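Dear colleague,

Please find below the structure that I am handing over to you.

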Amino acid sequence: MAQPRCFALELPGGGLAHFAVGAAGSGGADPDPDPDPRAAALLGPPGRSYALLVPGAPGADLAARVRAARLLRRLLPALRRGPLGRCERLRLLGYRPGGGGGLQRGLLLRDPGAGPATRRALLALLDSCLEAPRPSLGEFGGEFGGAGLRLWQRPWELRGGREWRQAEPERVVAAPEPALHPAVPDLPRAAVFPHREAARAVLEACTPFLPAAGAVLELVDRCPRQLPRGPFPVIVVEGLDATGKTTVTRALADALGAALLRSPPAGLSPWRQAFDEEPDMVRRAFYSLGNYIAASEIAAASARAPVVVDRFWHSTAAYAIATEVSGAVQHLPPARHPIYQWPKDLLRPDLVVLLTVSPEERRERIRGRGLERTAEEEELEASSTFRQKVEACYERMEDPGCHAVDASPSREQVLQAVLGLVRDRCPQLP
Ligand SMILES: Nc1ncnc2c1ncn2[C@@H]1O[C@H](COP(=O)(O)OP(=O)(O)O)[C@@H](O)[C@H]1O
Ligand SMILES: Nc1ccn([C@@H]2O[C@H](COP(=O)(O)OP(=O)(O)O)[C@@H](O)[C@H]2O)c(=O)n1
């Protein structure tokens, strides 16, 4: 019997509901336990739901994983148009219990009207995906019977390469919530790269279709792997957008007579937008390599003076984990998990300051700054769950950890608080 396919469905408001399709998910005493009622409410009548998933690829096949990630990103605009635009979209992750077989990333589309137009639009979307592998499409349904609501899923299959038919229904049953979020084992390959080579390999796989990848690889390959850093301290300032990083780093650099650097470094600015439009896996590889290029500049500068850095590896890791791990804070990898460990081949700062302000103060400062916001900043604004996950990841970082500083007071008070921390933690400062 094929192993059950399990799914993690991100619920409105940030929870997660797990269910299985095919063989009984739990394998427990009752062969057909009904799924989590929160999932059942989103899968069963009166509306109609569809699972649109991009096939996973084994970890080693980077080109296939990049292709799959780009395919899903390419589908998103079409999912906001016509009948599909009227559907509720919820993040859906397909996985095998115990790992293996590659994660399937995608969406659950909930059509409240349960009309045929949605199904037609989805099959037309699949027809437009000419390159292999195509996304998979499963349609959910259910019947009320003596034992209550019985849910099933029927995959759509292309018969003879030209006719879409529905396969036999498979039961939707309960599945136990795994100890770790199903995306966590994949993080070191997909988003939080443990060393330069892991990030480099992703951009290498992009060079056939993304010229910017070749340009960034050229820059990072000029950076020596062994970095003789100087005697002066390296201080990183981290925090959510609009917490005051730019303001604090400038004032701190002035006060210390320090060099002021940032990651990604200015030299990567010509390609940043191109990567921000790529899927998360590619985007995170870009920012990871940006950290290695910035490290080269930091090492050189630390021979001459203290160095202050605006964002570094903690930004890359915190945003990557908070993005990849669906659900809420409780679904993140627990504190002490290795994913929060600083990469062994990346220059390690002497102090990391984490600026924190209340959501209200942050909103006020964003308004005051008046600049347009990136999609990620919009997400931070729209989703308190995402923001809480980023903050929780920052707090779980280790070796070095982040030292939180309340950045709500006046600019001068915040600067004095940071200077006090620097003097405590960087005794080598002249
Ligand atoms: N301590 C502070 N009190 C009030 N406003 C501040 C303070 N620090 C920064 N700001 C303002 O908040 C906005 C965001 O600050 P900025 O330094 O750009 O944050 P970040 O670099 O973290 O996005 C700017 O308009 C800045 O002038
Ligand atoms: N070292 C870094 C810096 C930024 N980033 C990503 O880039 C986003 C915005 O960076 P930014 O420099 O524009 O943010 P601000 O400093 O303008 O607030 C962050 O939220 C991260 O997702 C990263 O992953 N790693």
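**The chain as a whole**

Please bear in mind throughout that this is a predicted model. The secondary structure of the chain comprises 15 helices and 14 strands. Its C-alpha trace spans about 80 × 45 × 45 Å along the principal axes. The radius of gyration is 24 Å, which agrees with the value near 22 Å that a compact globule of 430 residues would have. Buried residues account for 52% of the 430 residues. Of the contacts in the chain with a separation of 6 or more, 74% are between residues 24 or more positions apart.

**Nonpolar cores**

The largest nonpolar core contains 66 residues, and those with the most contacts inside it are Phe 275, Ile 321 and Val 390. Helix H10, residues 280–301, gives the most to this core, with 13 residues. Apart from this core lies another, of 22 residues, which includes Val 248, Val 405, Ala 407 and Leu 419.

When its neighbours within four places in sequence are left aside, Phe 275 is in contact with Leu 203, Leu 210, Ala 212, Ala 213, Val 216, Val 282, Arg 283 and Phe 286.

**Two helix contacts**

Two packed helices are described by the angle between their axes and the distance between the axes. Two such pairs are set out here.

On the H9 side the contact is made by Arg 272, Phe 275 and Asp 276, and on the H10 side by Val 282, Arg 283, Phe 286 and Tyr 287. By class, the contact of H9 with H10 has four nonpolar residues, three charged residues and no polar ones.

The second pair is helix H2 (residues 62–75) with helix H6 (residues 196–206), whose axes are 9 Å apart and meet at an angle of about 70 degrees. H2 is thus roughly perpendicular to H6, as angles of 65 to 115 degrees are counted in that class. H2 contributes Leu 62, Ala 63 and Val 66 to the contact, while H6 contributes Ala 201, Val 202, Ala 205 and Cys 206. The residues of the contact of H2 with H6 comprise seven nonpolar, no polar and no charged.

**Two buried strand residues**

Gln 153 is located in strand S7, residues 148–159. Its relative accessible area is 5%, so Gln 153 is buried, the limit being under 20%. Which residues is Gln 153 in contact with, leaving aside its neighbours within four places in sequence? They are Arg 5, Val 21, Ala 51, Gly 138, Glu 139, Phe 140, Glu 168, Pro 169, Glu 170 and Val 172.

Val 173 is located in strand S9, residues 170–174. With a relative accessible area of 0%, Val 173 is buried. Val 173 and His 18 are 155 residues apart in sequence, and their C-alpha atoms are 9.4 Å apart in space.

**Backbone geometry**

Most residues other than glycine have a negative phi, and most peptide bonds are trans.

A cis peptide bond joins Pro 45 and Pro 46, with omega about 15 degrees. Pro 46 lies in the loop between helix H1 (37–43) and strand S3 (48–54).

A cis peptide bond also joins Asp 399 and Pro 400, with omega about 5 degrees. Pro 400 is in the loop between helix H14 (384–396) and strand S14 (403–406), and Asp 399 is likewise found in the loop between H14 and S14. Asp 399, although not a glycine, has a positive phi of about 55 degrees. With a relative accessibility of 46%, Asp 399 counts as partly exposed.

Arg 311 is not a glycine either, and has a positive phi of about 70 degrees. This residue is found in the loop between strand S12 (307–310) and helix H11 (313–324). Is Arg 311 buried or exposed? Arg 311 is buried, with a relative accessible area of 17%.

Yours sincerely

Note on methods:
Residues are numbered from 1 along each chain as its sequence is written. Chains are lettered from A and ligands numbered from 1 in the order in which they are written. This is a predicted model: local features need pLDDT of at least 70, side-chain atom pairs count only at pLDDT 80 or more; totals for chains, interfaces and linings use all residues. Side-chain values use heavy atoms; hydrogens and water are left out. Axes are lines fitted to C-alpha atoms, for helices over the stretch in contact, and angles run from 0 to 180 degrees between N-to-C directions. Helices (H or I, at least four residues) and strands (E, at least two) are DSSP runs, numbered from the N terminus. Angles under 35 degrees count as roughly parallel, over 145 as roughly antiparallel, 65 to 115 as roughly perpendicular and the rest as oblique. Contact means heavy atoms within 4.5 Å. Ala, Val, Leu, Ile, Met, Phe, Trp, Tyr, Cys and Pro count as nonpolar, Asp, Glu, Lys and Arg as charged, and the others, Gly among them, as polar. A nonpolar core is a set of buried Ala, Val, Leu, Ile, Met, Phe, Trp, Tyr and Cys residues joined through side-chain atoms within 4.5 Å. Buried means under 20% relative accessible area, exposed over 50%, partly exposed in between (1.4 Å probe, protein chains only). The radius of gyration is taken over C-alpha atoms; the globule rule is 2.2 Å times the number of residues to the power 0.38.
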